[in-house]
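Have the structure open as you read.

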Amino acid sequence: MSYKITKKEKNNYEVEITISAEEWENAVEATYQADKNRFSVQGFRKGKAPRKVIEKNYGEMVFFDGAFERAFSEEYGKFLDENKDFEPIVQPDVKIDKFGKEGLVVTASVAGVPEVKLGAYTGLTVKKECKKATKKEVEDELKMVAERSARFVDASDDEAKMGDFATIDFVGMVDGEIFEGGSATNYRLELGSKSFIDTFEDQIVGMKVGDNKDVNVTFPANYGAENLQNKPAVFKVTLEKIERKQLPEINDAFASNVSEFETLEDYKKDIEKRMNIKKEQEAERKLENDLIEKIVDASEVEVPEILIERQLDMFIKDLEARLSYQGLKLDEYLGYLGTDVQKLREERKEQAKQSCKTRLVLEELIKKENLYVTDEELNAKLQEMADLYKKDLEEYKKTLDNNTIAYFENDILMKKLLDFLKANNTIA
């Protein structure tokens, strides 16, 4: 193997790698040996067909992708081993320049770690603000618990009121035609929740079970379905049932039912204590974020565009995954918001750039202060997790992949960095 490095603009590089004919042949043969059991060839037991026979039946390039990945990964790995000062920040973009009997010539375009000029990161003053739980916050928490403990009683002999849960059948029409998605039966709607189009719920108020009513509404301009935007609609509604929420009285009996405490006063004290612990944790996180933000703002680094784009890719992928758990597709969700993927990327670009800059600055800080994770520290963390899952340490380790191990190492490293920063700066 031979290679040639060409520095492009900023911290972008091109690495030209030449893979000899012998190296390429070794990669193809290794790929054949690894994959031959996947091929069925008449007259041969599975895994016993010679390479030439498989290539004749499946095409001469059948092992190309596997061989290329094998050869490039090996040669690129050697290049990185021989050039310790060269630090790529993303996987390279690869193109094949030449391919023939003499082997391959491959060009890898890669962004190197940009230079980070650290600003002051010690001797700073950061304020920590930690407020105590107020009486109102405790009372609000009690009301929330009471809401979760509420029961629903039938109120079908009364007329519907705001706050009631109305079970309705409805058919929606626009221009006299029933439209898709505008009909339902036995739909349970909380009046006042604003989950339907403006004024819809208001018009249910006053109805009685068995009543039929035409509910007139206008779809908003930003409604998800474009064909319905700004359109007037009529929903033919039948009220089937009314339920009313009945909250428990907040007293000693209530406290005993929802907690381990016998009196309301003791339960309130526990709520206050837990709130104060949470507020302390939040104040500590804000302090850490403020300290990091101050250091990052004082530092200089030109963030490569490719790194920002990869950060945006991760954001979109994460959003797509979270929406899928809710049964939503990304395009549908963005349609409801009146935007698209490209606009969303543009809106998030500055945030992605700041995230990248923060990561680069923190990595430089870790390097400068020579912070690292020892085997003992990692094992202690893994032991903690193994205990949590009630597993033997060695048994637990077998369940972990490299990404999970790296996550735990990063967690330990970040704690070390934050401890160092808090110890070397003034917390007011």
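Which residues in helix 7 meet helix 10, and which residues in helix 10 do they meet? Bear in mind that this is a predicted model. On the helix 7 side you'll find I292, I295, V296 and D297, and on the helix 10 side Q354, K357, T358, V361, L362 and L365. Sorted by class, that contact has six nonpolar, two polar and two charged residues.

Helix 7 also packs on helix 13. There, E284, L287, E288, L291, I292 and I295 of helix 7 meet L418, L421 and K422 of helix 13.

As for geometry, two packed helices are described by the angle and the distance between their axes. Here are the two pairs:

| Helix pair | Axes come within | Crossing angle |
|---|---|---|
| Helix 7 (264-298) and helix 10 (341-368) | 10 Å | roughly 90° |
| Helix 7 and helix 13 | 11 Å | roughly 80° |

Angles from 65 to 115 degrees count as roughly perpendicular. Helix 7 and helix 10 are therefore roughly perpendicular to each other, and helix 7 and helix 13 are therefore roughly perpendicular too.

Now for the cores. The largest nonpolar core has 29 residues, and I295, V303, V361, L365, L417 and L421 touch the most other members. Helix 7, helix 8 (305-325), helix 10 and helix 13 (402-423) are the elements that give two or more residues to this core. Helix 10 gives the most, with seven residues. Take a look at V303: leaving out residues up to four places away in sequence, V303 touches I308, K353, C356, K357 and L360. Apart from this core lies another one of 25 residues, including A27, Y32, A49 and V106.

On to the aromatics. The model has 25 aromatic pairs. One of them is F170 with F200: the ring centres are 6.3 Å apart and the planes sit at 75°, so the pair is edge-to-face. F170 belongs to strand 8 (residues 165-174) and F200 to helix 5 (residues 200-204), so this pair ties together parts that are 30 residues apart in sequence. Are F170 and F200 buried or exposed? Both are buried. Elsewhere on your aromatic tour, Y3, W24, F64, F68, F72, Y76, F79 and F99 form one cluster.

Methods:
Residues are numbered from 1 along each chain as its sequence is written. This is a predicted model: local features need pLDDT of at least 70, side-chain atom pairs count only at pLDDT 80 or more; totals for chains, interfaces and linings use all residues. Side-chain values use heavy atoms; hydrogens and water are left out. Axes are lines fitted to C-alpha atoms, for helices over the stretch in contact, and angles run from 0 to 180 degrees between N-to-C directions. Helices (H or I, at least four residues) and strands (E, at least two) are DSSP runs, numbered from the N terminus. Angles under 35 degrees count as roughly parallel, over 145 as roughly antiparallel, 65 to 115 as roughly perpendicular and the rest as oblique. Contact means heavy atoms within 4.5 Å. Ala, Val, Leu, Ile, Met, Phe, Trp, Tyr, Cys and Pro count as nonpolar, Asp, Glu, Lys and Arg as charged, and the others, Gly among them, as polar. A nonpolar core is a set of buried Ala, Val, Leu, Ile, Met, Phe, Trp, Tyr and Cys residues joined through side-chain atoms within 4.5 Å. Buried means under 20% relative accessible area, exposed over 50%, partly exposed in between (1.4 Å probe, protein chains only). Rings of Phe, Tyr and Trp (its six-membered ring) pair if their centres lie within 6.5 Å; planes under 30 degrees apart count as stacked, over 60 as edge-to-face and the rest as tilted.
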